[in-house]
4 protein chains.
Amino acid sequence: MKVLLVGDIVGKPGRNAFVQVVRQLKEDGRVDFVIANGENAAAGRGPAPDIANALLSGGADVVTLGDHAWDSKEMVAGIDMEDRIIRPANFSKGAPGRGWVRVDTPEGPLVVMQLICRVFMQPNYDCPFQMADRMLKGELGGDKVIFVDFHGEASSERMAMGRFLDGRVSAVFGTHTHCQTSDETVFPKGTAYITDLGMTGPKDSILGREVEPVLAKFLTGVPHKFDVAKGDPTLEGAIVDVDMKTGKASSIERIRISV
Amino acid sequence: MKVLLVGDIVGKPGRNAFVQVVRQLKEDGRVDFVIANGENAAAGRGPAPDIANALLSGGADVVTLGDHAWDSKEMVAGIDMEDRIIRPANFSKGAPGRGWVRVDTPEGPLVVMQLICRVFMQPNYDCPFQMADRMLKGELGGDKVIFVDFHGEASSERMAMGRFLDGRVSAVFGTHTHCQTSDETVFPKGTAYITDLGMTGPKDSILGREVEPVLAKFLTGVPHKFDVAKGDPTLEGAIVDVDMKTGKASSIERIRISV
Amino acid sequence: MKVLLVGDIVGKPGRNAFVQVVRQLKEDGRVDFVIANGENAAAGRGPAPDIANALLSGGADVVTLGDHAWDSKEMVAGIDMEDRIIRPANFSKGAPGRGWVRVDTPEGPLVVMQLICRVFMQPNYDCPFQMADRMLKGELGGDKVIFVDFHGEASSERMAMGRFLDGRVSAVFGTHTHCQTSDETVFPKGTAYITDLGMTGPKDSILGREVEPVLAKFLTGVPHKFDVAKGDPTLEGAIVDVDMKTGKASSIERIRISV
Amino acid sequence: MKVLLVGDIVGKPGRNAFVQVVRQLKEDGRVDFVIANGENAAAGRGPAPDIANALLSGGADVVTLGDHAWDSKEMVAGIDMEDRIIRPANFSKGAPGRGWVRVDTPEGPLVVMQLICRVFMQPNYDCPFQMADRMLKGELGGDKVIFVDFHGEASSERMAMGRFLDGRVSAVFGTHTHCQTSDETVFPKGTAYITDLGMTGPKDSILGREVEPVLAKFLTGVPHKFDVAKGDPTLEGAIVDVDMKTGKASSIERIRISV
Ligand SMILES: [Fe+2]
Ligand SMILES: [Fe+2]
Ligand SMILES: [Fe+2]
Ligand SMILES: [Fe+2]
Ligand SMILES: [Fe+2]
Ligand SMILES: [Fe+2]
Ligand SMILES: [Fe+2]
Ligand SMILES: [Fe+2]
């Protein structure tokens, strides 16, 4: 099965690019299943459920979030309504929502799990390594096909998770930095890996935002409104080919498609 | 001259406690000049100019700010209207406002300067040590009486500034943590020092905020509204006795006065 | 029972001050039980077991550690040899050592627990709030007299723990900043609290280190050797009077004793 | 002129790969000038001058450093001996060494400058944006061909510098994360850009280190010795084609060459 992994969708330009590119990829038979990071889908911030649901309607099978999960109060209240919108599994024990979902596909079950990094991130996440280990030995003990969105900043932590889970999951892919890495690979035991998928949104920008206010913030320290940019809407991500019997990935292909 | 240093004023309970206690201290002849940290004066956040001006009317001779300086857009636009509202001098070169003010008192000029720490703080401040050095050799080269609000988190950095400026300024006092330290002292060369003045606001709280939402945030990671608490409004700070001829401090006395 | 809580012991001057002051306090009948933070006992760094054991011989009943727990490889290898040397309970699951100890006293059992903060600290600690809750409902469910060393940086997190555990433990006291706070109090439900005990070591210093190298580091960014200072060795901490039947604290008294 | 930019060289495997690949690229006429990041050249840590000099002998025209600049005391003492070993220009004013060098080439002068990021980095660097601006208006006011190594963590800050300097320098390239990005581009006004060059060292690793100790550290929090790995030594970087008359870049090509 060909699984499309989509980097952080930013604002309306990102949502439009997402819908358009995914439709085309499906029509071309290049993609069977879509996992999309939606943590910046609402004007660059965390979406309310309606916007996340629009991504599901627009072609995503599962939407993952991230540190922006609770930007919208509606998401705090509503995330439990929809299984296919997930937030990091190692969020605090008391947080709403869930960290993984098992989706039935014509070729069998496929699990999507999200974890969040701790290095350079907020100080209230449980250990993603211990959490992954516990889940894989527990509730996911019978699953073969597992895709892990590891959301975070540091390359060391993300690479470490890729190595840690090699042979235990189908893919580990990073989100959050909005900057695609060129290190896509299939590790020796069959786990596809890439440090960061990149961003789905206006490339003529700084990580999806207008250039001038971001520069002004760096130069003055004074807050500026960071509007979502418009130019060159693009989908970035990767396509993983996974064997639904064994859960092994046979390939990972990095993509960047402008609309 | 007896100079009152007032720890971060939090919200309306803090502003009321400030006005009431300062009036009494002045009537009792215990205080001649008042320096107040106002970075949380507006419902726990950075004030607009009108609220900072109300502190000036209410007894402050100078209001200092901090990392919350630009919470209010009105302050960004309006800080340059009032010399006696200052923000850290080591803010980025392009920031509005100024980092020090020289006030005429009946006994001569008194300078108040603010600096901000870098350890555990936002990553866009210039070096406070180099900045202090440059100012003391430059525009403040002729001043004897200089009070330095060093706003920040780490005890090491604040203590280091106290030692660095010993003999060059009248006092170095910390603000920002809302937690008064017990280490007030006059250093060997005549500089009064305390790592943190504490907070002026409701003590029955977590740093001025209601207890329950702060606990809920720590337990769940989900954002909560942190309303300013109400119970036990208190002024915390210190009184420094300074020789206006030499600029040396002869004493520093820590205070905590409930209203 | 009168329990002495001792702030971070720094190097040889700190160890000497500790032994001398504790002997005197015991002779004077002011102290029955001693909990000492030893995370900087070895030349300002984490001790090997022999130095921690020397603190036990020198008057401590329990030694707590902190983020410096593993500075010495010998401690990694040896901590499991001695129950009364504890490290934070919310260290990673795979870490050696343990996070609490129950000590028999003539008046009954007394538990000492250590937790470590997450704000501004290393990114590999479990949630101290969830951990405390789990332990108090679990293995410590039958204990009345419990002392909690909450080791860390931010005043907000430490104050939050004090409020969180009010009525559930005898005392919550902070260590790590080497800077004593003046906010000692007994909370409404009987838990003694202080944000930071301060430091046991040479006060004529920056947090126990020689002044000049620390200033040079701040001014140049170039690493310098931070030798332990010598002047004015002092013990800082607090004495808590606890009812061994109920576990309630009746008083907390801040202390600072130079030798 | 074709300028090779080389990502962080890690340990002996990295140094060997560097020498071998550069020799071949020069023989093939693909490269005329070489800028190499050497901050991890000594067993994964900052090199002493002899190792940095060996990179110069081995094919580098300029060696840049980074946050690891002062790992070796010999570098602190010796950096001023060799102009072509540079450290970030926005290091503290009091630091040894210099932040840029102008090298004469057969086709005219070429400047290499290094800056270091502040987001998620140590808290003692001056503003890289203000520093770049000042230098380009000052000592480099007459230079056309300028290559900027912007060493750091956050994609936002690095992308912002690329946009900020577009048209003012020949190239802005990132180092430090050891993870090559796929976003190489020439900006509209002629500045080549890539967020991170990647690493020159053993790819069968976590950022150049053996996998197992890094995983053990993440799982337990206990320090482990991070030896440099051995497998699959590889050079990562980019080749920029620059017009020596105008300073404009006409292309940037990402490279990854195993030996
Ligand atoms: Fe994110
Ligand atoms: Fe994002
Ligand atoms: Fe504050
Ligand atoms: Fe502040
Ligand atoms: Fe300590
Ligand atoms: Fe500590
Ligand atoms: Fe680096
Ligand atoms: Fe590096």
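Buried means under 20% relative accessible area, exposed over 50%, and partly exposed in between. The model is predicted.

Q: Is C:His151 buried or exposed?
A: The cut-off for buried is under 20% relative accessible area. C:His151 has 0% relative accessibility, so C:His151 counts as buried.

Q: Which protein residues are donors of the iron ion (ligand 6)?
A: The donors lie 2.1 to 2.7 Å from the ion. Along the chain they follow the spacing E-x27-D-x83-H-x24-H.

Q: Which residue coordinates both the iron ion (ligand 6) and the iron ion (ligand 5)?
A: The two ions are 3.7 Å apart. The residue that coordinates both is C:Glu39.

Q: What is the largest C-alpha distance among the residues of the UniProt annotation "binding site"?
A: The annotation, from an unreviewed entry, covers A:Asp8, A:Glu39, A:Asn40 and A:His178. They are spread over 171 residues of sequence, yet they cluster in space, and the largest C-alpha distance is 11.2 Å.

Q: With which side chain does the side chain of A:His178 make a polar contact?
A: A:His178 sits in the loop between β9 (171–175) and β10 (185–186) of chain A. At 11% relative accessibility, A:His178 counts as buried. Its polar contact, at 2.9 Å, is with the side chain of A:Asn40.

Terms used:
Residues numbered from 1 in each chain as written. Chains lettered and ligands numbered in written order. Predicted model: local features only at pLDDT ≥ 70, side-chain atom pairs only at ≥ 80, totals over all residues. Heavy atoms only, no water. Donors = N, O, S within 2.8 Å, 3.2 Å for Na, K, Ca; no water. Buried < 20%, exposed > 50% of the residue type's maximum accessible area, 1.4 Å probe, protein only. UniProt positions renumbered as here; feature names shortened; annotations may be inferred. Helix = DSSP H or I, 4+ residues; strand = E, 2+ residues; numbered from the N terminus. Polar contact = N/O pair within 3.5 Å; in protein donor to acceptor, adjacent residues only side chain to side chain.
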